[in-house]
Each structure stands twice: as C-alpha cells, then as structure tokens.
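Could you walk me through this protein model, from its overall make-up down to a few side chains?

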Amino acid sequence: MDSLTFLHSSDWQLGMMRRFLGPDGQARWGQARLDAVARIGAVAERTGAAFVVVTGDVFEHNQVERQTILRACEALKRIPVPVVLLPGNHDALEPGSLWTSSQWQAHAPDHVTVLTETTPFRILPGVEIVGAPWRSRRPLSDPAAPGYADLEVDPAVDSAAGPATIRILLAHGQLTSLSGGMSEVPTIDQAAMEAAVTDGRLQYVGLGDRHSTTRVTDRIWFSGTQEVTSPEEDAPGNVLKVTIGDGIEVEPIHVGAWHMVDHRVELFDEESITALEDWFAELPDKERTYVRLAGDGSLSLPLLTRLDTIIDAQGEVFASVERWTKFWTVRPAPDAADLESLQLSGPARAAMEELRQALAGGDEGAGAALSLMHRLARDAG
C-alpha cells in the first residue's frame with residue numbers, strides 16, 4: 001500500500017438539545033448536525049478516503065428518541081465508504097446502551113461497525129483499527145490505554161518499507177495538558193500514548209471529546225465536533241483528512257454550517273446602540289447563528305427600550321440572541337424627563353415613584369421594572 005487516506009471525525013452528539021433555542025431553532029439545529037454527517041460522506045467521496053472513523057459520542061446520550069437513531073442511520077447511509085464508530089462517554093457501552101437497542105440493531109447500515117471490544121479490527125489488508133470503547137460514563141483509569149496496551153511493536157517498523165501493518169487507535173477522553181486539571185474522570189496518559197507512536201505500535205491516534213480541532217503531535221489529533229456546540233469552541237465544524245504514506249499529512253476540512261458568537265459591547269448613548277444594530281445587520285447566516293451578548297453601561301429609558309426592541313427583533317431573525325447574564329450589566333439611567341414623559345397618574349404614578357426611590361437606593365431590579373414600565377407605556381401610546 002503506497003498510501004492510505006481516511007477521515008477522522010468525532011462528537012456528533014446527535015440528539016443534542018440547546019436550551020437557548022426555540023422549537024424552530026432546535027429543529028434546524030438537529031437537522032444541521034445530520035446534514036454535516038452527510039457532508040462528511042461527500043468529503044469521503046471527493047478525497048478518495050478509504051473509510052471514516054468517529055471517535056466517540058456519536059449520540060448525545062443512550063436515551064435519545066427513536067427518531068434520532070433512525071435519522072442517524074439514514075445519514076450514515078449517505079457515507080459511501082465503511083464507517084467505524086467508537087462509543088464515548090455520552091453513548092457508553094453500559095446497560096441499556098443504544099448500541100444494543102432494537103432500533104439500532106434493525107436499522108444500522110451494513111457498512112457501519114461499532115467497536116465494542118479492544119481486539120484489533122482489520123478494516124483493509126494491512127490496516128488495523130484498535131479502539132478503546134467506553135463501558136461506563138466514569139472509567140476508573142486511562143480510557144485510551146486498553147486500546148493499545150497489549151499491542152506488540154511491529155518488527156518491520158524500522159525497515160525502509162515501513163510498518164507491515166498500519167494501526168490506527170481510536171480513543172475518547174481528555175489530556176491533562178488540555179483539560180487544565182478540571183476533568184472529573186481519569187485523563188489519557190499522553191506520554192504513554194506518544195511512546196506507542198514512537199515505537200511503531202501506532203501510526204495514528206484519533207481522539208474525541210475535545211470539540212475544537214486540535215493537533216497534539218503530527219500523529220495525534222482531536223478532530224473536534226462536526227458542528228459547533230458552544231461559543232467557547234475555537235475550531236469546531238471540521239473533519240480531518242488523514243493521509244499516511246512515507247510520512248503523515250492531516251488536513252482539516254470544514255463541514256459545519258452553524259456559528260456561535262460571543263459579542264461584548266459598551267452601551268451608553270444612541271451611537272453605541274446604532275453600532276450594535278449595524279453589527280447585527282452585517283452578520284451572515286443569521287438563521288444558523290447564536291449570539292451571546294455581554295454588555296456594560298447605562299442608558300436612558302428611551303434608549304433602553306430601543307435596545308430591548310432591537311434584541312427582541314434580532315432574536316426572531318437569528319437562531320437565538322441571548323443576554324449573557326453573567327456579563328450583562330447594562331443599567332437604566334432614567335432622568336426626570338424620561339419619567340415625566342410616561343404621563344402616568346393614580347396608582348401607576350405611585351408605583352413609578354416607588355420604583356424610582358428604590359432605584360436611587362441601589363435596587364437594580366427597580367431599574368428593570370422602570371424600563372419595562374416605560375416600554376409598556378410607549379407601546380400603549
């Protein structure tokens with residue numbers, strides 16, 4: 001074999017829900033994750049890839065709806081080459097696993113293999129896939145080690161012809177160097193894994209769990225998720241084209257269609273409100289974009305009402321627009337003219353005065369209530 005090309009993906013998390021999306025946005029979101037799987041099939045065909053591997057978390061959890069499993073099977077049918085799936089922490093091989101469900105067993109395409117053991121799987125002559133499937137959501141030791149610990153060094157690895165067998169490890173989990181020590185389960189022993197690459201037991205390590213495409217070494221990569229799942233991800237939406245020959249070449253190819261954007265603004269006058277409005281207008285693919293706004297500043301009641309109107313309207317155009325509660329400190333700054341313009345009388349005016357006094361005493365909730373009162377009075381007028 002002169003060279004081998006295959007695709008590496010992970011963390012499809014089909015069936016994932018997002019609380020910030022309404023019913024319409026959630027439906028488009030779910031479909032997009034399946035569409036990206038189909039695009040992986042198109043990439044496989046275009047690049048001449050021999051097969052596709054998915055390194056964990058194919059599904060969001062083991063109790064996804066029947067429809068999700070059936071639609072996943074249909075998406076997998078659109079990948080024209082063999083596909084190898086590795087159970088991860090979200091879809092582990094635990095009691096009640098979807099991999100043993102009647103829905104999966106009856107509808108999974110014939111060209112799809114789920115790795116349920118650590119025994120090497122010969123996918124092509126001279127090519128073996130070794131996997132470390134998760135058997136529970138909380139393993140007690142390095143989740144990657146079972147996939148390669150018992151492998152022997154290929155005696156041909158030092159010859160000019162290269163190794164007689166190309167071995168590809170599929171594993172799922174975090175590296176201590178990338179998790180910041182925050183992982184709740186044992187992490188992957190990076191030094192041991194690199195040693196298995198150096199001594200020729202492994203020619204490539206495909207990792208899952210980290211949603212951003214990440215190069216660890218030339219031969220150890222996280223592919224990242226096929227569609228973005230969080231604004232914190234800095235390189236999602238890719239599949240990796242891996243070519244092993246005299247050396248190795250790994251090329252990220254973008255297949256995702258969604259965007260998640262964090263945007264920070266200082267809001268203090270009409271010009272800053274207009275600038276935010278212009279920023280919204282310039283963003284592409286609005287129906288496939290989630291915006292999380294962080295804001296600081298203070299606004300008069302009319303400007304605060306205008307801001308609320310803009311955000312509400314953009315929320316109808318975009319997949320979702322959300323104030324980032326943790327970093328949203330835009331305060332109302334009502335003056336006497338703002339309040340008098342409401343032309344309230346009787347109990348409504350008494351309530352306004354009470355809220356005004358509470359705001360002067362530092363009650364931020366009173367400011368929000370005054371802003372709402374101003375908006376309602378404006379709309380009623």
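**Ground rules**

This is a predicted model, in which local features need pLDDT of at least 70 and side-chain atom pairs count only at pLDDT 80 or more, while totals for chains, interfaces and linings use all residues. Residues are numbered from 1 along each chain as its sequence is written, and side-chain values use heavy atoms, with hydrogens and water left out.

**The chain as a whole**

The protein chain has ten helices and 15 strands. Helices (H or I, at least four residues) and strands (E, at least two) are DSSP runs, numbered from the N terminus. Of the 381 residues in the protein chain, 52% are buried; buried means under 20% relative accessible area, exposed over 50%, and partly exposed in between (1.4 Å probe, protein chains only). The accessible surface of the protein chain is about 17600 Å², and carbon and sulfur atoms hold 50% of that area. Accessible areas come from the Shrake-Rupley method with a 1.4 Å probe, and for residues only the protein chains shown count as cover.

Contact means heavy atoms within 4.5 Å. Among the contacts in the protein chain with a separation of 6 or more, 73% are between residues 24 or more positions apart.

**Two open sheets**

Two strands pair if DSSP finds at least two bridges between them.

A hairpin of three residues joins strand 11 to strand 12, and L240 has P252 in strand 12 as its bridge partner.

Another open sheet of six strands has the order 5-6-7-8-10-9, with mixed pairing. Strand 5 (121–124) and strand 9 (214–217) are its edge strands, each pairing on one side only. Here the twist averages 25 degrees from one strand to the next. Strand 8 (residues 204–208) pairs with strand 10 (residues 220–222) in the parallel sense over three bridges, and V205 has I220 in strand 10 as its bridge partner.

**Aromatic rings**

How many aromatic pairs does a search of the whole structure find? The search finds ten. Rings of Phe, Tyr and Trp (its six-membered ring) pair if their centres lie within 6.5 Å; planes under 30 degrees apart count as stacked, over 60 as edge-to-face and the rest as tilted. Two of the pairs are set out here.

| Pair | Centre to centre | Angle between planes | Type |
|---|---|---|---|
| F6 and F51 | 5.1 Å | 10 degrees | stacked |
| F59 and W104 | 6.2 Å | 85 degrees | edge-to-face |

F6 lies in strand 1 (residues 4–9) and F51 in the loop between helix 1 (23–47) and strand 2 (52–54), so the pair ties together parts that are 45 residues apart in sequence. F6 is buried at 0% relative accessible area, and F51 is buried at 0% as well. F6, F51 and Y204 form one aromatic cluster.

F59 sits in the loop between strand 2 and helix 2 (66–77) and W104 in helix 3 (residues 102–107), so this pair joins parts that are 45 residues apart in sequence. F59 is buried at 0% relative accessible area, and W104 is buried at 4%.

Charges also sit over rings, meaning that NZ of Lys or CZ of Arg is within 6 Å of the ring centre and within 35 degrees of the ring normal. R264 lies over the face of F327, 4.9 Å from the ring centre, and R292 lies over the face of W324, 3.7 Å from the ring centre.

**A loop residue to look at**

N89 is in the loop between strand 3 (83–85) and helix 3. Is N89 buried or exposed? N89 is buried, with a relative accessible area of 14%. Not counting residues up to four places away in sequence, N89 touches D57, W134, R137, H172 and D209. N89 and P139 are 50 residues apart in sequence and 8.9 Å apart in space, C-alpha to C-alpha.

Conventions. Axes fitted to C-alpha atoms, helices over the stretch in contact; angles between N-to-C directions.
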